[in-house]
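Subject: Handover of a structure

Dear colleague,

Please find below the structure that I am handing over to you.

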Amino acid sequence: MSFSRIILVGVFACLAIYLFATAPEPLPDGDAEVAGCRHPVTALFGGVNAINEVARTIYTKRIVGGGMAAGLKFGEEWQEPGVEQGPLPALFLRATAAHMETLPPQMGLYLGSDAPINKSNLFGDQQMVSFETVKATRVAVYSQDAQSGFVAMYPDVAGVAPCVTCHNDHPDSPKKDWELNDVMGATTWTYPNAEVSADQYLGVVDAMYRSVRNTYESYLSKAAAFEVSVEFGTNWPSKGVRALPTADVFLAEVKNQASPAVMRAIMQDRRAPDLGAEQSSLAVQAEGERVPCGF
């Protein structure tokens, strides 16, 4: 077996252990070809956005949708004392983003729209320009600014009925005719560097998983004090089943569904972000510093 093939097998094994089970130790420092491998920030954006989409879909469809059928409630005041509610999907994302900001990777996460329920989520002028492109093309738009570094905006599509129903029925919603598959907004990610190492990639992925888990655990802690008890275990809520899966069960399902996309993102071709006319000197500099990967 060739040396490069040994490296390839080793990298896949390491990623599989992390993505489907638990985080491995950092890649060996002595293996310069693997440890020095660089990935464009677009790969990082793709990986964490895949986790976000899966986590929100599972939470929206199976926890909120199933929970409402079981008699559980969800709302904007879920964190208030004595309020027996869980977070709405957008608030689940906001709490996840807030936790991400406390962790070292410096990854920023923001959910915005041109017709948000909460006015604080209304896009600014420059964001609105990118969003119009996202809404028209339904593909990610990449850019850069002096304050945030590298930016990626992904379409936030109404993929499940609870999203549409909630926004159409909410008294503060400026738009009442949302339909399934509409682009309701966009998820925006920021990161300061043009490239990341394999270890940095896995570190940010781990931070995203931990943040999703932290937010879900906050909801479980709240639900544990509900007047009408909730069963915690392996069951998911549904009509007649007032239950919530444990954090381990919830995160295992997120990892099971998100891991293939996370794997594809890190294995993509190593290219600089497409920043158009605004491509930065940082990206150009990074282009010249790349170390060939073993795969």
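Lys135 is partly exposed, with a relative accessible area of 29%; buried means under 20%, exposed over 50%, and partly exposed in between (1.4 Å probe, protein chains only). Please note that this is a predicted model, in which local features need pLDDT of at least 70 and side-chain atom pairs count only at pLDDT 80 or more, while totals for chains, interfaces and linings use all residues. Residues are numbered from 1 along each chain as its sequence is written, and side-chain values use heavy atoms, with hydrogens and water left out.

Salt bridges

Side chains of opposite charge can pair when their charged atoms come close. A salt bridge here is a side-chain nitrogen of Lys or Arg within 4 Å of a carboxyl oxygen of Asp or Glu. The whole structure holds eight salt bridges.

In one of them, Lys135 pairs with Asp114, with 2.7 Å between the closest N and O atoms. This pair links distant parts of the chain, since Lys135 belongs to helix α5 (residues 125–137) and Asp114 to the loop between β4 and α5, 21 residues apart. Helices (H or I, at least four residues) and strands (E, at least two) are DSSP runs, numbered from the N terminus. Asp114 is partly exposed, at 26% relative accessibility.

Lys135 also meets Glu132 in a salt bridge (3.9 Å, N to O). These two residues are three apart in helix α5, so about one helical turn separates them. Glu132 is partly exposed, with a relative accessible area of 39%.

In helix α7, Arg213 and Glu217 are four residues apart, and therefore about one helical turn separates them. Their side chains form a salt bridge (2.9 Å, N to O). Glu217 counts as partly exposed at 32% relative accessibility.

The nonpolar core

A nonpolar core is a set of buried Ala, Val, Leu, Ile, Met, Phe, Trp, Tyr and Cys residues joined through side-chain atoms within 4.5 Å. Which residues touch the most other members of the largest nonpolar core? They are Tyr219 and Phe250, out of 55 residues in this core. Among the elements that give two or more residues to it are α3 (41–69), β6 (149–157) and α8 (247–266). Helix α7 gives the most, with 12 residues.

Yours sincerely
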